[in-house]
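Morning, everyone. I have one model to go through today, and I will take it chain by chain and then look at where the chains meet.

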Amino acid sequence: MNYGIVSQEQLEQIDTILSEKLIKLGVDCVIIIDMAGNIITAKDNGESKYDVYSFAALAAGNFATVDAMAKLVGEQEFSLLFHKGQDSNIHFSKIDDELLLISMFGKEISLGFLRLNVVDVIEKIRQLWNKK
Amino acid sequence: MSFINLKDKVVQVKIVYYGPGRCGKTTNLEYINKTYRKQIVSEMVSLKTHGDRTLFFDFLPFDMGKIKGYDIKIQLYTVPGQVKYNATRKLVLRGVDGIVFVADAMAKQREKNIRSLNQLHENLQSYKESIFRIPLVMQYNKVDLKEHGIPILPTEVLQKDLNSRLKVPYYEASAITGYNVALTLKKIISSTVISIQKKLL
């Protein structure tokens, strides 16, 4: 997959999926990054003020570390990660070998509900790429 | 690989400062962070140990303005220099667009520079990149130590050791005083942006 350049149309479609499926649900901020730490796209609810660029760099590093840990225990990969805080939580999920979907959300959303939607979003994004 | 967002017209460029332990990679970034504070919207991120050694990486993003209507976002990274952290260095090199190799000009560090450069060559190969193709700038750091009577390697020796085959641009520098830090940065940004443009055309 060549993700180096994503067409404007593809990005708009991805943004729509993210808005429809996650932001509307009450997720504060959704970012798609690549494993090098670049932001592919970022969507938020208009209120959250995260430094998404630093976030992407750290998230890519974090995920790469966890990937290395997976290999150490004989796993192919840990395809998702979840960090729980008092007021906000972060959920990481792998879209494919190169891309990562990150959702930041508060306590009003249940993790299970978010995960169901994340699975759906990832499926839709994969379809979008396969169409190309 | 740089990421180009056609919708928002943003190009993200990843530049990594690479080199042996304690050669001054983080100091380079700290100087840039201090001097160009106005252009930098976010905080510099440093993942370090209690002893102030880089554990994972430092990260400094800044905006360079526009080229042909595209916003250029430069992302500077450093790697941990300590020998034992090669796995981490490899992770940071993922998707790199340009590299500054910071060599320690102190005479006693001669061998460490060479070893570090060889390892960079190997690490890039694991991503199917080549040290001969990727935009690269050499920085011979700590030249200010000469005034303090500490033996440092003459530039000719460093050139012979590190740059005889690569033949990339090089600068003597002193990251702590800021001497040639900006020049190194400008050079690597321009080489990298040109290389990205070439790949696209």
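This is a predicted model: local features need pLDDT of at least 70, side-chain atom pairs count only at pLDDT 80 or more; totals for chains, interfaces and linings use all residues.

Before the strands, one term: two strands pair if DSSP finds at least two bridges between them. By that rule, β5(A) pairs with strand β6 of chain A, residues 99-106, through 7 bridges, and the two run antiparallel.

If you want one pair to find on the screen, take A:Ile90, whose bridge partner in β6(A) is A:Met104.

β5(A), residues 88-94, also pairs with β4(A), residues 80-84, again in the antiparallel sense, over 5 bridges.

Now chain A as a whole. It has 3 helices and 6 strands, and from the N terminus the order is β-α-β-β-α-β-β-β-α. The C-alpha trace spans about 40 × 40 × 25 Å along its principal axes. Of the 132 residues, 33% count as buried. Take the contacts in chain A between residues at least 6 apart in sequence: 51% of these join residues at least 24 apart.

The helix to look at in chain A is α2(A), residues 52-72. Its 21 residues reach 30 Å from first C-alpha to last, close to the 30 Å expected at 1.5 Å a residue. Its buried residues include A:Val52, A:Tyr53, A:Phe55, A:Phe63 and several alanines, among them A:Ala56 and A:Ala64. A:Gly61 is buried as well. After the helix comes A:Gly74, with a positive phi near 85°.

On to chain B, and helix α3(B), residues 110-125. This one has 16 residues and covers 23 Å between its first and last C-alpha, close to the expected 22 Å at 1.5 Å a residue. Which of its residues are buried? They are B:Asn113, B:Ser116, B:Leu117, B:Leu120, B:Asn123 and B:Leu124. These lie on the same side of α3(B), because they cover an arc of only 120° around the axis. The general point behind that spacing is that an α-helix has 3.6 residues a turn, so residues three or four places apart point the same way.

The buried residues of α3(B) pack against β2, α2, β6 and α4 of chain B. Turned away from that side is a face with the exposed residues B:Glu111, B:Arg115, B:Asn118, B:Glu122 and B:Gln125.

From α4(B), I picked out B:Asp161, which sits in that helix. Its count of C-beta neighbours inside 10 Å is 15, so B:Asp161 counts as partly exposed. Apart from neighbours within four places in sequence, B:Asp161 is in contact with B:Arg110, B:Asn113 and B:Ile114. By contrast, B:Pro135 is 26 residues away along the chain, and the two C-alpha atoms are separated by 19 Å.

Two lysines in chain B need a word about backbone angles. Most residues other than glycine have a negative phi. B:Lys128 has a positive phi, near 55°, and belongs to the loop between α3 and β7 of chain B. B:Lys142 also has a positive phi, about 75°, and lies in the loop between β7 and α4 of chain B. Are these two buried or exposed? B:Lys128 is exposed, with 6 other C-beta atoms within 10 Å. B:Lys142 has 25 C-beta neighbours inside 10 Å, so this residue counts as buried.

Last, the contact between the chains. Chain B gives 20 residues and chain A gives 21. On the chain B side, the elements giving two or more residues are β1, β2, β4 and α2 of chain B.

Note on methods
Residues are numbered from 1 along each chain as its sequence is written. Chains are lettered from A and ligands numbered from 1 in the order in which they are written. Two residues are in contact if their C-beta atoms, placed from the backbone, lie within 7 Å. Helices (H or I, at least four residues) and strands (E, at least two) are DSSP runs, numbered from the N terminus. The expected span of a helix is 1.5 Å times one less than its number of residues. A residue is buried if 20 or more other C-beta atoms lie within 10 Å of its own, exposed if 12 or fewer, and partly exposed in between; C-beta atoms are placed from the backbone. The arc is that of the directions from the helix axis to the C-beta atoms.
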